[in-house]
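Here's a quick briefing on what sits inside this protein and what pairs up within it. Have the model open while you read.

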Amino acid sequence: MHEIKPGIYYEDTYPGPTIGAILLPQGMIFIDAPLRPEDGHRWKSNLLNRSQGTIHKIVVCLDDHPDRTIGVNSLDCPIVAHRDAAKTLQEQSAVFRGQLPESGAIWEKYPETTGLQWVIPDITFTERMQFHWADEAVLIEHHPGPRPGSSWVIIPSEKVVFIGDAASATGPPFLGKAHLPTWIDTLDILLRAKYKDYQIISGRGGPVKLDNIRELKKSFRKIHRRVDKLANRRASVDDVSDLAGKFMDEFPYLKRDREFFPPTLAPWFISVLHQELFSPN
C-alpha cells in the first residue's frame, strides 16, 4: 500500500487493476476493486484499520472493464459508476461466465473468477458527482475514450487524480471499446496546465508522468493515421490482423507478456477498419 498524501492510497500488488482509496472524516471512498474476492477482503480490512472507525463507505468503478468490476462485491458497499458503464454492466448475465472475447485482460489469467456475481451499480451519474465527506469535495468526472463510461476521481485540494485506463504505466492500452479521437481529447485535458502539478495515478501500474501521456497521445495519432490509410485504400479486414504486434513497441510492457498483450490492441484495429469500410458513407 502506497500513501500518496495523508489518507490517499493506491495499491498495485494485487492481481487486476491498480486500486485506490481515500479516507475522509465522514467516509471512505474505494477506487476500483481487486480482481479476487480474498484480495478485496484484505484491502478493505487494511483500510478499516487505518480509518479510525469510518462507517460510511462507497466504491467508484472507473469503467466497466471486467478487471475492475468482477471483484467489487467483496468490498460490500454501494457502487458508483458512470451511466454508460452501468448500462454495459446491467446487460451482462448475473454471474460472470469468463466467456468474454480474449482481450489481454488480467482476469483471463485467473479462471477462479468464473462464477462470481457480476456488479450492478447502485448510483450512476452523467458528467460529474461530488462527495462532501470532508471540508473539500472529492470529484468524479466522466472522461470517455478508453471506454464510453470511463471516469476519473479527482481530489483538487491534494492535487491527486485517479485516471483508470486513460493512460497506463504497465502494458499497452485496451482498445477494444476505445474511441481514439475522444481518447486523444481526454489526454489533452490531462496535459493542460491545470494538472501540471497533480500526481496522476493510472489504473494500470500507478503513477504516470506527463511525458508518458504525451507519448501515448503521439502513439494514438500514429495508429489512427495508419488505420485511416488502410480504410482509404479499401483494404480488407484481414490486412489489419498483424497490426497489433507491429505497434506493441509503442507501449511499455514486460517482454514476457508479449504473447499475452496483443489482443488488447487487435479488436480496435479490426472494428474501426470495418466501420470505415462498410459504413453507409
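Start with aspartate 64, which is buried at 4% relative accessible area (buried means under 20% relative accessible area, exposed over 50%, and partly exposed in between, with a 1.4 Å probe and protein chains only). Keep in mind that this is a predicted model, so local features need pLDDT of at least 70 and side-chain atom pairs count only at pLDDT 80 or more, while totals for chains, interfaces and linings use all residues. Residues are numbered from 1 along each chain as its sequence is written, and side-chain values use heavy atoms, with hydrogens and water left out.

**Salt bridges**

- The structure has 15 salt bridges, a salt bridge being a side-chain nitrogen of Lys or Arg within 4 Å of a carboxyl oxygen of Asp or Glu.
- Side chains of opposite charge can pair when their charged atoms come close.
- Which residue does aspartate 64 form a salt bridge with? The partner is lysine 177, with the closest N and O atoms 3.5 Å apart.
- Aspartate 64 sits in the loop between strand 5 (57-60) and helix 2 (66-69), and lysine 177 in the loop between strand 11 and helix 4 (180-190), so this pair ties together parts that are 113 residues apart in sequence.
- Helices here are DSSP runs of H or I with at least four residues, strands are runs of E with at least two, and both are numbered from the N terminus.
- While aspartate 64 is buried, lysine 177 is partly exposed at 38% relative accessibility.
- Lysine 218 and glutamate 215 also meet in a salt bridge, at 3.4 Å from N to O.
- Both of these, lysine 218 and glutamate 215, lie in helix 5 (residues 210-232), three residues apart, or about one turn of the helix.
- Lysine 218 is partly exposed at 48% relative accessible area, and glutamate 215 is partly exposed at 44%.
- Glutamate 38 pairs with arginine 36 at 3.8 Å, N to O, and glutamate 38 is partly exposed at 39% relative accessibility.
- There's also a network of salt bridges, linking Asp32, Asp63, Asp67, Arg68, Asp165 and Arg204.

**Cavities**

- How many cavities of 30 Å³ or more are there? The count is two.
- A cavity is a set of points, on a 1 Å grid over the protein atoms alone, where a 1.4 Å probe fits but cannot get out, and lining residues have an atom within 4 Å of a point.
- Grid points are joined across faces, edges and corners, and a volume is the space filled by probe spheres set on the points.
- The largest cavity holds about 40 Å³ and is lined by Asp165, Ser168, Pro172, Pro173, Phe174 and Arg204.
- That lining splits into three nonpolar, one polar and two charged residues (Ala, Val, Leu, Ile, Met, Phe, Trp, Tyr, Cys and Pro count as nonpolar, Asp, Glu, Lys and Arg as charged, and the others, Gly among them, as polar).
- The second largest cavity is about 30 Å³, and its lining includes Thr18, Asp32, Leu62 and Ser202.
- By class, the lining of the second largest cavity has five nonpolar, four polar and one charged residues.

**Nonpolar cores**

- The largest nonpolar core has 26 residues, of which Trp152, Ile163, Ile200 and Phe220 touch the most other members.
- Strand 10 (151-155), strand 11, helix 4 and helix 5 each supply at least two residues of this core.
- Apart from it lies another core, of 22 residues, including Ile31, Phe131, Ile140 and Val160.
- A nonpolar core is a set of buried Ala, Val, Leu, Ile, Met, Phe, Trp, Tyr and Cys residues joined through side-chain atoms within 4.5 Å.

**Cysteines**

- A search of the whole structure turns up zero disulfides, a disulfide being a pair of cysteine sulfur atoms within 2.5 Å.
- Cysteine 61 is buried at 1% relative accessibility, and cysteine 77 is buried at 14%.

**Histidine 142**

- Histidine 142 is in strand 9 (residues 138-142) and counts as buried at 16% relative accessibility.

Notes: 1 Å grid on protein atoms, 1.4 Å probe; cavity = no way out; pocket = protein on both sides within 12 Å on 5 of 7 lines; lining within 4 Å.
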